[in-house]
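Student: Hi, could you walk me through this model? I'd like to go piece by piece.

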Amino acid sequence: TIPWVIIVLLAVFPFLRPDIFFLSIGVILFMYIALGSSWNIIGGYSGYLSFGHAAFFGIGAYVVALMLINYGFSPFITCLLGGLLAALFAWIVGFPVLRLKGPYFSLATLCLGLAVPVIVINLPTSISGGATGLFMPLLPIDIFVSRTIFYEIMLALAVVTTLISRWILQSKFGLGLNSIRENESTAETIGINSTRLKIMAFVLSAFLVGIIGGIFAY
């Protein structure tokens with residue numbers, strides 16, 4: 001009960017007309033809560049420490065930016081597309097990368113996170129904006145209202161990702177991931193398909209991070 005009371009209080013906080021600085025702090029705080037909960041699905045439950053989630057964050061951000069600049073689509077809708085493309089990318093790279101274990105997996109994901117920005121910068125300027133990047137128009141409303149919208153959305157994402165993370169922990173899926181973290185070889189001997197569970201966790205984690213990246217970019 002107490003956590004929900006706190007969430008309600010946080011949700012009504014902008015209506016007290018606080019300084020924009022506090023709303024900005026809230027946006028960043030809720031974003032990192034959401035990112036931490038999303039990363040925990042693969043890094044915490046399965047024990048596979050990924051250092052490459054910035055790649056999924058960036059994919060979500062660029063998808064939202066390109067959809068807004070080229071087609072005028074709302075980022076609050078296309079962030080889902082950014083999450084899907086981040087998940088697709090995670091699914092593609094997950095099969096070879098998740099065959100590695102321990103520091104080898106972590107090093108591979110670190111290289112992944114470093115490679116994606118290099119690829120984006122070297123794409124044609126008309127596509128990615130090159131080293132300059134992309135510039136998105138601001139919401140055509142008052143800055144306080146705009147910041148309040150992002151505050152509420154990031155709060156919602158923090159709550160949703162935390163609930164998903166908690167649900168996974170209490171599910172059969174989470175039990176399988178925990179078994180992999182404790183001893184992957186033993187988990188496989190009792191019938192747990194570790195490859196499938198790791199891919200699912202990696203893809204779901206990337207999907208959530210891609211959504212967060214898309215909203216943050218705007």
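Tutor: Happy to. Just after α3, G72 takes a positive phi of about 75°. Helices here are DSSP runs of H or I with at least four residues, numbered from the N terminus, and strands are E runs of at least two. This is a predicted model, where local features need pLDDT of at least 70, side-chain atom pairs count only at pLDDT 80 or more, and totals for chains, interfaces and linings use all residues. Residues are numbered from 1 along each chain as its sequence is written, and side-chain values use heavy atoms, with hydrogens and water left out.

Student: Is R17 buried or exposed?

Tutor: R17 counts as exposed, because its relative accessibility is 59%. Buried means under 20% relative accessible area, exposed over 50%, and partly exposed in between, using a 1.4 Å probe and protein chains only.

Student: Back to α3. What span should its 19 residues have?

Tutor: Helix α3 (residues 53-71) should span 27 Å at 1.5 Å a residue, and its end C-alpha atoms are 27 Å apart, so the two agree. The expected span is 1.5 Å times one less than the number of residues.

Student: And what do the buried residues of α3 pack against?

Tutor: They pack against α2, α4, α5 and α9 (194-217). Among the buried ones are H53, F56, F57, I59 and M67. Contact means heavy atoms within 4.5 Å.

Student: How do α4 and α5 pack?

Tutor: Helix α4 (residues 75-97) and helix α5 (residues 103-121) pack at about 145°, with axes 11 Å apart. Axes are lines fitted to C-alpha atoms, for helices over the stretch in contact, and angles run from 0 to 180 degrees between N-to-C directions. On the α4 side, F89, V93 and V97 meet F105, A108, T109, L112 and V116 of α5.

Student: Switching topic: how many disulfides are there?

Tutor: The count is zero, taking a disulfide as a pair of cysteine sulfur atoms within 2.5 Å. As for individual cysteines, C79 is buried, because its relative accessible area is 6%, while C111 counts as partly exposed at 44% relative accessibility.

Student: Last one: where does M136 lie?

Tutor: M136 is in the loop between α6 (125-128) and α7 (143-169). Leaving out residues up to four places away in sequence, M136 touches V64, A65, L68, I69, A217 and Y218.
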